[in-house]
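Here is a short briefing on one protein chain. Have the sequence and the model open side by side.

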Amino acid sequence: MPRHLNNARILMYSHDTFGLGHLRRCRTIAHSLVENYRGVQVLIISGATIAGAFDYRARVDFVKIPSVIKLHNGDYTSMDQHIDLAETLKMRHSSIRHTAESFEPDIFIVDKEPLGLRGEVEDTLVYLKTKGTRLVLGLRDVMDAPHLLKAEWERHDTLRKIGQLYDDVWVYGPPEFHDPLEGLDAPASVRKKMHFVGFLQRKVTSGAVPETDADEDYLLVTTGGGGDGADLVRDVIAAYQADPALTYKTVIVLGPYMPAEQRAVFTEACKDDPRLEVIEFDNRMEDRIAGAKAVIAMGGYNTYCEILSFDKPALIVPRTQPREEQLIRATRGAELGLVDMLSADDSADATKFAAAIKALWERDPPSVTAPGLQMEGLPHIGEIVEGWMKNKGRHLAIAQG
């Protein structure tokens, strides 16, 4: 039965310049909090172009800020080509600050980017600190290769500012899996604030059966947002074309950010193959993964949590540009026996990929190959938030008394 937290206001920030991972992670945490605690209100600030395509539970809402897209070379551009990037960033900064002032949150959770895109959240963090808001930085289990993250953060003095501005740093994974600050000279002021909460467990969102025939086992191929997923889809299709012995029903989810030209090419390539079903986007990927016999993916954080939550055999083909996050996560997952991994070079070999798909179909789930993994992130976050809010209530009662 949900417990009560009196009028707890939680603001979340998701910069969302590439893919869907940040928004989906924030949404997962928000839904867990409102499901388990009456009186909690969550507002998510998001730059995702399709933030409105997802369902939100009661007491969870979002504020859409102008979208900025991260290009493959690491540069940014405005989603609206008629608006200058500097002007777009100025509007985002203003919207974030105004939302924080109006919402007056008890807790502000920033996803992954400590200072926001191009520093757009720093001013709001300073402001909220003067108001007594609890400031939380949420980090993925893996951020990037240490040398890349170090160079990026040194340019902006990020580690010092984390220690100065934030009250807590949540790591969305267990400590034995990976340290996101590994290889960085993180000061004690940051280390003492780090709390490894665990992976964020997912569940079926609606109980509905996906449109794929429920009586037929299927392999699910997912590219996440799809902006950089064309190579994986191309290689899956090539493996099926090269090996008629691959008879498994396969559902390929292209992702909403895959360019239209690529979507059209892949849809055309699969239209006469009864083994391959192509869909562009599903806002309830939890249901798709829960219904699959096995999963092929690039290995972003959310997909990884879904694979483990629903105990699905998985083959990860990680990208290595512009970040090495997926490669590091897949390598560690393979070491622990949680998933199988195939390099991009090997996936481009249709014969090798076909063999890997056949092996995946027969693979045991993670609960057999790596038993004992606990998905504890959401309960831990709830306990932390409950403790803060009750403590704040006691202090308020004393002050008013």
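What percentage of the 401 residues in the chain do buried residues make up? The figure is 54%. The model is predicted. The chain holds 15 helices and 15 strands. The points below go from the whole chain to single residues.

**Overall shape**

- The radius of gyration of the chain is 21 Å, which agrees with the value near 21 Å for a compact globule of 401 residues.
- Along its principal axes, the C-alpha trace spans about 75 × 50 × 40 Å.
- Among contacts in the chain with a separation of 6 or more, 76% join residues 24 or more positions apart.

**The six-stranded sheet**

- An open sheet is formed by six strands, in the order S12-S11-S10-S13-S14-S15. Its pairing is parallel.
- Strand S12 (276-279) and strand S15 (340-341) stand at the edges. Each has a single partner strand, so one side of each lacks a neighbour in the sheet.
- Strand S10 (residues 218-222) pairs with strand S13 (residues 294-297) in the parallel sense, over four bridges.
- S10 also runs parallel to S11, and five bridges join these two strands.
- Leucine 219 has a partner in each of these strands. In S11, its bridge partner is threonine 250.
- In general, the strands of a sheet pair through backbone hydrogen bonds, either parallel or antiparallel.

**Strand S11**

- How many of the five residues of strand S11 (residues 249-253) are buried? Five of the five are, so the strand is largely enclosed by the rest of the structure.
- Both faces of S11 are covered. Lys249, Val251 and Val253 are buried on one side, and Thr250 and Ile252 are buried on the other.

**Helix H11**

- The buried residues in helix H11 (residues 325-335) are Glu325, Gln326, Ile328, Arg329, Ala330 and Gly333.
- As a rule, an α-helix has 3.6 residues a turn, so residues three or four places apart point the same way.
- What covers the buried residues of H11? The cover includes strand S7 (134-140), helix H10 (301-309), strand S14 (314-316) and S15.
- Glycine 337 follows H11 and has a positive phi, near 85°.

**Proline 313**

- Proline 313 is in the loop between H10 and S14.
- With a relative accessibility of 8%, proline 313 counts as buried, because the cut-off is under 20%.
- Leaving aside residues up to four places away in sequence, proline 313 touches Lys293, Ala294, Val295, Leu360, Arg363, Asp364, Pro365 and Pro366.
- One of these contacts is proline 366. Proline 313 and proline 366 are 53 residues apart in sequence, with 6.4 Å from C-alpha to C-alpha.
- Ala294 is also among the contacts of proline 313.

**Threonine 303**

- Threonine 303 lies in helix H10.
- Is threonine 303 buried or exposed? At 10% relative accessibility, threonine 303 counts as buried.
- Not counting residues up to four places away in sequence, threonine 303 touches Thr222, Ile289 and Ala297.

**Valine 233**

- Valine 233 sits in helix H7 (residues 230-242).
- Valine 233 counts as buried, at 0% relative accessibility.
- Beyond residues up to four places away in sequence, valine 233 touches Thr223, Ile252, Leu254, Met258 and Phe266. Ile252 belongs to the buried residues of S11.
- Valine 233 and serine 367 are 134 residues apart along the chain. Their C-alpha atoms are separated by 27 Å.

**The second largest pocket**

- In general, rolling a probe the size of a water molecule over the atoms shows where empty space is left.
- The second largest pocket holds about 420 Å³ of space.
- Lining this pocket are 23 residues, of which Thr28, His31, Glu35, Arg57 and Lys203 are the closest to its centre.
- Helix H1 (21-36) and helix H15 (377-400) are the elements that give two or more residues to the lining.
- Which element gives the most to this lining? H1 does, with six residues.
- By class, the lining has ten charged, eight polar and five nonpolar residues.

Conventions
Residues numbered from 1 in each chain as written. Predicted model: local features only at pLDDT ≥ 70, side-chain atom pairs only at ≥ 80, totals over all residues. Heavy atoms only, no water. 1 Å grid on protein atoms, 1.4 Å probe; cavity = no way out; pocket = protein on both sides within 12 Å on 5 of 7 lines; lining within 4 Å. Points joined across faces, edges and corners; volume = space filled by probe spheres on them. Nonpolar A, V, L, I, M, F, W, Y, C, P; charged D, E, K, R; others polar. Pairing = 2+ DSSP bridges. Buried < 20%, exposed > 50% of the residue type's maximum accessible area, 1.4 Å probe, protein only. Contact = heavy atoms within 4.5 Å. Rg over C-alpha atoms; globule rule 2.2 N^0.38 Å.
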